[in-house]
Amino acid sequence: MLIGISALLSTSTIANPLKEYHAEYQVSRKGEVHGTATRTLTKVAESTYAVRYKSDIEWMIFSDVRIEESLFKLSDHVISPLHYSMKREGTGPDKSYKIKFDHQNHAITSSEEKYPLKVKWLENQQDLISYQVQLREDLKSGKTKFSYPIIDKKGSQRSYDFEIAGEETITLPFGNVKTIKVKRIYDDSDRQAIAWFAPDHDHMLVKMYKGKDGMEQFQIELKTLKAKSDS
């Protein structure tokens, strides 16, 4: 039983609830810090926002710098992606691709495909970044289980499923934070992904952990947060 969850979940219904912010994280593996990450949300037009995630990691001879960006519309707490891009540089081959969501023609195109992707158009379709914004909005509305159809890096349609696993006060470089713990549901039980969101900070993502076969792959933890009171 999730004691006190309802007290943590906001039921705000303001027209444009998204607040601009800039968050900085440390990226670690097995207790050692190997890089940094930033996440920024900005309002670019009426009901149109952009979220940008950048990570810079170095571990032994391995390096990885990547930037992901999503441009999306917001209507009644529903996120509708318009454009997604990813650029990656570092050890191994560099990668770059883009995905466009054409809401008028119900088509999704990729920079790696000449024609629209052969996927079913879904009104609640998300990209690899926008679903995280939608998850925050769904947490605010009081939901405890979440499912999002995603267009992945190969242009395939997949489902990302989550559920609330409890509440927890955690210690971060940012300080002690009361959080809602959200666990991703995998078909493969050897994989783990857990995210912690802070209701007292507009349900900001403050920590994320990924593991496989019981071994930590990486985790990110919030260091600093700058947010505007209104967007």
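Me: Is Tyr 97 buried or exposed?
Reply: Keep in mind that we're looking at a predicted model. A residue counts as buried when its relative accessible area is under 20%. Tyr 97 has a relative accessible area of 5%, so we call Tyr 97 buried.

Me: How many aromatic pairs are there, and are the planes of Tyr 84 and Tyr 97 stacked, edge-to-face or tilted?
Reply: The count comes to six aromatic pairs. For Tyr 84 and Tyr 97, the ring centres sit 6.1 Å apart and the planes meet at 45°. Stacked needs planes under 30 degrees apart and edge-to-face needs over 60. An angle of 45° therefore makes this pair tilted.

Me: Which strands does the pair of Tyr 84 and Tyr 97 tie together?
Reply: The two residues are 13 apart in sequence. Tyr 84 is part of residues 78-90 and Tyr 97 is part of residues 95-102, so the pair joins strands β5 and β6.

Me: What about Tyr 84, buried or exposed?
Reply: The cut-off for buried is under 20% relative accessible area. Tyr 84 comes in at 1%, so the word for Tyr 84 is buried.

Me: What angle do the ring planes of Tyr 131 and Tyr 148 make?
Reply: Their ring centres are 6.3 Å apart. The pair is classed as tilted, because its planes stand at 40°.

Me: Where in the chain do Tyr 131 and Tyr 148 sit?
Reply: They're 17 residues apart, and their pair links distant parts of the chain. Tyr 131 belongs to helix α2 (residues 130-140), while Tyr 148 belongs to strand β8 (residues 145-151).

Me: Which residues form one aromatic cluster with Tyr 131 and Tyr 148?
Reply: Tyr 131 and Tyr 148 are both buried. The cluster takes in these two plus Tyr 160 and Phe 162.

Me: Ile 61 and Ile 170 are both isoleucines, so which is buried and which is exposed?
Reply: Ile 61 is in the loop between β3 and β4, and its relative accessible area of 82% makes it exposed. Ile 170 is in strand β9. With 6% relative accessibility, the buried one is Ile 170.

Me: Where in the chain is confidence lowest?
Reply: The chain's average pLDDT is 89, and 92% of the residues score at least 70. Over residues 1-15, though, pLDDT stays under 50. Strand β10 has the highest mean, at 97, and the lowest, at 41, belongs to helix α1.

Conventions:
Residues are numbered from 1 along each chain as its sequence is written. This is a predicted model: local features need pLDDT of at least 70, side-chain atom pairs count only at pLDDT 80 or more; totals for chains, interfaces and linings use all residues. Side-chain values use heavy atoms; hydrogens and water are left out. pLDDT is the predictor's confidence in each residue, from 0 to 100. Helices (H or I, at least four residues) and strands (E, at least two) are DSSP runs, numbered from the N terminus. Contact means heavy atoms within 4.5 Å. Buried means under 20% relative accessible area, exposed over 50%, partly exposed in between (1.4 Å probe, protein chains only). Rings of Phe, Tyr and Trp (its six-membered ring) pair if their centres lie within 6.5 Å; planes under 30 degrees apart count as stacked, over 60 as edge-to-face and the rest as tilted.
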